[in-house]
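Subject: Structure for your files

Hello,

Here is the structure I said I would pass on. My notes on it follow below.

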Amino acid sequence: MTSPATKKQYDVIVVGSGAAGGQTAYTLSMEGVKVLMLEAGRNYVPERETPMFQTSDQAPLLGASTPEKAFGFHDATIDGGWTVPGEPYVQSTDDPHGRFAWWRSRMLGGRTNHWGRISLRNGPYDFKPHTRDGLGFDWPISYEDVAPYYDKVERLIGVYGTSEGLENTPNSSPGCLLPPPAPLVSDYLVRQRARRLGIPIVPGHRAVLTQQLDFKRSPALLHPGNLKAQKIIAQHMQQRAACIWATDCGRGCSIRANYQSTTVHLPPAVATGNLDIVCNAMVSQVVLGRNGLAAGVKFFDKATGAEHQATARVVVLAASACETARILLNSKSGLFPNGLANSSGKVGRYVMDTVGADLSGQIPLLESLPPQNEDGASGHAFYAPWWGYQDQQNGKLNFARGYHIEFGGGRRMPGAGTLRGLERLTGGSYGKKLKEDARRYYGSFVGFAGRGEMIPNENSYCEIDPHVKDKWGIPVLRFHWKWSEHETRQAAHMQKTFADIVQAMGGRVLSKVETDGANAIAPGGFIIHEVGGAIMGKDRQSSVTNEWCQTWDVKNLFLTDGAVFASNADKNPTLTIMALAWRAADHIADRMRRKEL
Amino acid sequence: MTDRRTTIKWMLSVAATMPLLHQRTWSQEITAQPAARGYGTDPDLTKLYRPGDVWPLTLSAAERRTAQALCNVILPDDGRSPDATSVGAVDFIDEWVSAPYPHQLQDRPVVLEGLAWMDAEALLRFEKYFAELDESQQHAICDDICYEPNAKPKFARAGAFFARYRDLTVGAFYSTPTGWKDIGYIGNVPLTKFEGPPADLLQKLGLGS
């Protein structure tokens, strides 16, 4: 996919190739806009590079996590993880509660290659949180503005799930969702017992093709009146296979049965002839023209170290929330001494992650079950959307925002950590007894993970460190982090809820149930739902972009990644990133047609 | 062999309660150092790797003998599946303790000290190496260390070692096709349909609709 063609004239430069860059480039190139995409990592070809059926015992260390492959050997992350060689970031404090861990992935498609594929819509409340409880910020848009784009993204990428009509958990338009996968025994048990506690358990939403996409009907709905786009996407929808119910989605998918930018957005976009992609292009800054408009970007070719400049009518940053903020802050000029598009001083501010806490239980009812294939859709057949809106409105909870529960059990492919610490159940068996115990306990564990809303605050932000530079000489980010009590109390609530569910299942909790939220909560950045840093808003004083992801200060500069999020609902951000990117790209194409850009 | 036996006996006679720390010094004299580099941040994920492919294995022949004996005490042939060594558990443990990563470097002294302790204890009790003991003798030692919370204080460190070593052995064994078959993992095969659990199983568990 890589093209060296950087001397051509482009309409739009898109920096980044993940969910945001992929969607932006897809929409623009389908609309006939000439796009140059710059990706900081190497080219990546899922069809050739995905370890589909490789087993743990074929990987070094049985595939266990190491600093070089932090999510395990077969995880689809290249030159990335919590650290990237030669590309440091720094912390403002040694206090573990004040640190932010930043996951990056230097490869075409970025983090979409390995993500969990959980694709939840923000609800109406999630766009107007300040109106509801006086905390954080409202978005300048409402759910109704984004709903048509959620429909489009779901139709394009393929998302399974159901519409349940639950509070602040939107229905999709008919025909948008694929049928959910069959649940596992453990899923049914969680559903039965959690419901007794008043916790709703419904089918999850993930970007996995439980059946082939509707290549006959969807193209015309996605690209009305655009026959060329319809033809191309119909062809690519047919080339994507349905799930084969094997191999972990985190490895990526060579048959294109789940969403990753490299299998879903980029191939049809390239097929239009309107998209050129240059990999190993590390963007350092946006270049400002004398007219006060963005003229293009400067980037380093990682292979040669040479610095290049690319120019276009419009620049779109989709480099991931914090990387986008970094590029803006490093783009200093006489007009913008504190960084480009930063007259508000808000660039880098209000970085958010998701509140996370985990607990697992061992469930006697699930012991010694007959062997069955439980690979399924690799998790998240069911989930629990937040059920406490009324309690919060009535002041019954000591935290303001909600969380959803992701959970999973089953007879997963064994690896280095399988049945670790079994002596807690067996009293230390070894020998033939241990083999019997392993048969008994394998598959009897269920893990719960809470994913909750973080409210933006003044103490969680990134800025440019005055001293440290990366190997290309580009100044790096320094992070500041602080949870508020709304988040830590929520994490403690998660722990108690999970323990209650395990108990309701007749099981035993295997770890300490943390009542102190500060200990229960995962460190900042750990959930890898990095958003904020250049939020959208209703005016140029309090925000960096308008509702079109267009910076207030520079009208041909757009930010289409998570940086513009004004809040971070419990819903995993990727689907919303894509919906907003599509909406922004439609706006860009429209304004270009009208010669306003 | 004789030299090593003499060395250990000498050590034991000098200090019967010798701290494990000193034994680590001893084991490092006969084992190679772990590699400095790992597989990097962009390894070929589709390749099939065996222990020793990416970094050299470092356990000495004597350590591997003890390691093998202990793996097979932890997971022996029980008629239904073979012992842990037959599916490469020792190679995996050698790969693990020879790896250049923080977690593995932390486990390395635990495992090396532990293996040395197993032999020292075997010599102390039975005048033989652990690998040379009969099953009841091996069990006599393992029974004292197999559950750390119940172990006598003098066996606390050996108990911590045993717990770690058991986890490594279990991971190694059940990650292989042989282990899958024993434990009942029947996935990792492409299916045209995934239908979930059979209705009678759900019924039996009270989960039927």
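Which residues of helix 14 (residues 432-441) of chain A are buried? They are L434(A), K435(A), D437(A), A438(A) and Y441(A). Buried means that 20 or more other C-beta atoms, placed from the backbone, lie within 10 Å of the residue's own; helices (H or I, at least four residues) and strands (E, at least two) are DSSP runs, numbered from the N terminus.

This is a predicted model, in which local features need pLDDT of at least 70 and side-chain atom pairs count only at pLDDT 80 or more, while totals for chains, interfaces and linings use all residues. Residues are numbered from 1 along each chain as its sequence is written, and chains are lettered from A and ligands numbered from 1 in the order in which they are written.

Back to helix 14 of chain A: L434(A), K435(A), D437(A), A438(A) and Y441(A) are its buried residues. Seen down the helix axis, they fall within an arc of 160 degrees (taken from the directions from the axis to the C-beta atoms), so they line one face of the helix. They pack against strand 11 (355-362) and helix 13 (423-426) of chain A, and against helix 3 (61-74), helix 7 (156-174) and helix 8 (177-183) of chain B. Just after helix 14, G443(A) has a positive phi of about 85 degrees.

Chain B has 9 helices and 0 strands. Of its 209 residues, 40% are buried. Across the interface, 54 residues of chain B are in contact (C-beta atoms, placed from the backbone, within 7 Å) with 62 residues of chain A. Helix 7 of chain B supplies the largest share of the chain B side, 7 residues.

Regards

Note on methods: A residue is buried if 20 or more other C-beta atoms lie within 10 Å of its own, exposed if 12 or fewer, and partly exposed in between; C-beta atoms are placed from the backbone. Two residues are in contact if their C-beta atoms, placed from the backbone, lie within 7 Å.
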